[in-house]
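Dear colleague,

My notes on it follow directly after.

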Amino acid sequence: MAVAAMGIATPAWSQSIDDEQNSSIDSAQSADDSSDDSTIIVTGRRSALEAADGRKRDASVIIDSVVADEAGKLPDNSITEVLQRVAGVAIVRFSALNDPDHFSVEGSGIQVRGLSGVASRLNGRDIFSSNAGRSLLWGDVTPELMQAVDVYKSSSADLIEGGLGGTVDLRTKLPFDFDEGLHLAGTADLSVGDLAEATDYGASGLIAGRWSTGIGDIGFVLDGAYSKLTSNSHFFRMEPYFRTNIDGTDYFIPGGYDFGEQLFERKRDGMYAAVQWAPSNDLTLTGIFFQSRYRNVSNEWASFVTSQALAVDPSMSQFDANNALISSPSVFQRDRDTFEPSGATINSGGTTGVSKNRSKTQDFSLAFDWTPADSRLAIKGGYQHVKSTARADSLSLFRDFTFPTSFGLDLSNGLPVVTTPGLSNDDFTDPTRYIWSAAMPHNEDNTGTMDAVNLDIEYEIGDGFLKAVKAGGRWADRTERDFNNGFAWNALGRGWNGDPQLTFANAAPGDVELHVYDNFFHGAAMVPGNMLYPSLDLTGRLDIDEVHRSPPEGFCGAPFASDLWWNCSPSGALAETGYGNSNYRESGFLLPQDQTDYSTKTLAGYLMVRFGADVGANELEGNAGVRVVNIKNSSEGYFQQFAAGPFIRDGEEFSLIERFAVRSGGAEFTRYLPSVSLNYRTEHDLIARAAYNITMDLPTFSALRANGSLGVDSTTNPNNPPPPGPNLPGIFTNFTTNAGNPELKPAMSNNFDLSLEWYPRSGTTAHIAAFYKRITNLPIYSITQQPVTVYFEDGTTEEAFAKATAVRSATEAATVKGIEIGGRLFFDQLPGVLRGIGFEGNYTYIDSKNPGDLYRDIDGVVRNDAPLQGMSKHNFNLAFLYEHKPFSFRVAYSWRSKYLQSTNSNGTNPSYPYYSAPGVVTNVNGTSDNTQIALPVFGDSYGTLDAGVTVRVNDNFSFNVQGTNLTNSTARTLMGGYPGGSHIRSWFQSDRRVSMGISLVY
């Protein structure tokens, strides 16, 4: 890894790149392998490390960097994994920070110094994905195309605004970075994961040339890369521990459990082309085309047992000090009116889900750099066009299976153990025990574009204290058009909705299959049994119209005429797919109600001065300036009420009609962003830095969305008869709504930074840094109550309150403060082969307060003591390095402590009835309403061990072997909001992976 800080206080990639970067490309070619052992030969990864050190040392602002080796290879296989080695940077190992139920092997997002607001740049210019956000999805980017990745931790006035935590700049190779002549480089690798058991591969190739001609210097770069990754993740998850009164004492009993696995395959490829022409020594013209394309298919199998009426016999069970259940041989459903076991069976849901996503981001850029040798004036500018598209299509098919009246649960060891007495393997493979339950399609189709123009003028004043003055401006127009049809859950034929209840015994050929949970958690956990699921072939067709097709008339007898209507197993298999309920949301997009449009127009200008003076043998230098930004946000969409029901409310049956109406809005803001950076360089290789700046982060397009929806939450009807009887409409819990706010303000952060760096010799560095941030208008995703108008199927309306999940601006300021310590040491003074030994490490401590974020604990009490989302108090990286002659070896361990993922996560924000006595519902307010909770979910502390070795056979050829997740780490999430602390929400395990590759450089 090449971790360092650099300082390029210029936003345009057309400016010349440091010689340090070039050394990381060409050092291997210039090294003298014939030298004796007294000579330290710097090649490969150490060359890249020292190139990054040079950028850090020469910085005018605080930036960290990871630099590619001479073959153009970064030290990890994804941008997120590269960045996790940087001091103060942590990555999220889930599909999104606020989605703690889906694990991500390569990581999905990053935090810089505890903040998730991180701006994405490509060669100093804005870059994004069309996912209703503001930044790039880091997993979409092909790391093989990058020369370096820079992390800006402080800012200057000439940098594009954005990013509360910092900015990540992806830097590509430019033709004039290379020496004259033709250059070739390439890599290829194979890898395999021990759970997925699939062989993956990747390759990249680069050709670059630079020549002096009669019309000036001309150069080009062509670069391409492709990689494929298959991973398998296993999970086990507990439902919230509901407060449950048993014999006059309150206990916390989980409302069920879930388990499953996710098979994930992604393909990522990238293309990059750049040309440069310098018709004279004063003028350089640059053109770039960049494209990154990402495709993935995710297959998921899951089973879940959920109930808010579970109880145990305390005399037979084990609890912790706060009366939370640890183990019981019998978790059963009880009668809420008597508190006695009800004898009711326990319904188990299950799903097969298939998701297919693809995205593409393209950047077209032109730039010029006019710096006359005989003038103090330099003018630089450019034009950029970005186009990003994203498509997501998914389908989840649900089935129900009936468990006996109780199950056993043991959470006393590292992984949960569930037992199901009374069930055999034959029961789990009996198709008549499974019923077709529901289907939920989802589709997105987004297109985003941006056009931007920038101009920068710098005037060199002279050799006095004031060195230069710089001014410039930028105009950008970004738009995004999103089609999104929501997650339209609809029942299949259930008897009561006009189509018969079909079972797996009625499945058409190929529509059902047995899923075997092979090597679950690497053999360390057992599932209740291998079960039947809707087949991958059926689900993967993503054809919701086919699934909802009604069975042939009379196939299950006359409607409502006999038991056959409610359990059609005796009729045998259907000839073709079709499991009923014609009252569903048909496939595709319904326009215009599924469309949302966004726009952000930005006009920015800045003025900055550079200054410096010698102080004896030392030097003081820095910059000061201000950036003024005007922003116009707008959004237009539709507020929809989805068709829902029937459901039982106050003893009556209701249904909602589908309805929509146009909604639009926007806001304009002007913000002033001052910045000051001071650097004091001593003759003893010490650099002291101080910086103050104000940064700004815009709300995501999703938070600004004008559209929204209204729906219904319900629970399983406790009066459902045992099979083969029909399931009855659910019991109403509450109305639900979600909507964005087009008038949200930008979040603002006042940032203070101090650092001390030491560069005693080549390859050895040390640094310590302190920082403080005060953030206002931080966007918070939380749960509230909002007034809504509800439209019923019978034509009546009602003014009601709905549980609302939406983004709002925090009403109180958040604060972040912390310390970073890091360094690297090579023992060059040791004799012989020992001189290649080195160590590298960094540690970050962060403390935060975010009183503006709210959650509801298990009693429904609103609290504001959650930390900042995504922030770990402790983060560290340790690495053993060996760099000597043909060998480059690394063992690296990355670890982060517990961090908040969400205060309003799906699955931990239901409402539930607390029975203070048989038949008596009481909540914290003393009323008979259900208790609304929104428990905070934390990612538990997590660390991974990776290792790799590269053998450099000669100047042109090397091969490598790498291993990731060597310790088979288990990721966990925790549910907070309980007396005494938190309880485990989920466990995840994924592949240990080994890869082998080769690199060529000419």
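In this predicted model, Asp 410 stands opposite Val 417, a residue of strand β23. The strands concerned are β22 and β23 (residues 417-419), which run antiparallel and are joined by three bridges. Together they form a hairpin, with six residues between the two strands.

Strand β22 also has a partner in β19 (residues 325-333): the two pair in the antiparallel sense over four bridges. Within that pairing, Ser 406 of β22 is the bridge partner of Phe 332. Of the five residues of β22 (residues 406-410), four are buried, so the strand is largely enclosed by the rest of the structure.

A second hairpin may be of interest to you. Strands β13 (residues 241-246) and β14 (residues 249-254) run antiparallel and are joined by six bridges. Here Phe 242 stands opposite Ile 253 of β14. Two residues lie between the strands of this hairpin, and Asp 247 takes a positive phi near 55°.

Phe 236 deserves a separate entry. Leaving aside residues up to four places away in sequence, its contacts include Tyr 257, Asp 258 and Phe 259, as well as Pro 416 and Val 418. Phe 236 also touches Phe 520, Phe 521, Arg 985, Ser 986 and Trp 987.

Finally, the count of disulfides comes to one. This disulfide joins Cys 556 to Cys 568, with an S to S distance of 2.0 Å. The torsion about the S-S bond of these two residues is about -105°, so the disulfide is left-handed. Cys 556 lies in the loop between α6 (544-547) and α7 (563-566), and Cys 568 in the loop between α7 and β29 (595-615); the pair therefore ties together parts that are 12 residues apart in sequence. With a relative accessible area of 2%, Cys 556 is buried. Cys 568 is buried too, at a relative accessible area of 0%.

With kind regards

Terms used. Residues numbered from 1 in each chain as written. Predicted model: local features only at pLDDT ≥ 70, side-chain atom pairs only at ≥ 80, totals over all residues. Heavy atoms only, no water. Buried < 20%, exposed > 50% of the residue type's maximum accessible area, 1.4 Å probe, protein only. Pairing = 2+ DSSP bridges. Contact = heavy atoms within 4.5 Å. Disulfide = S-S within 2.5 Å.
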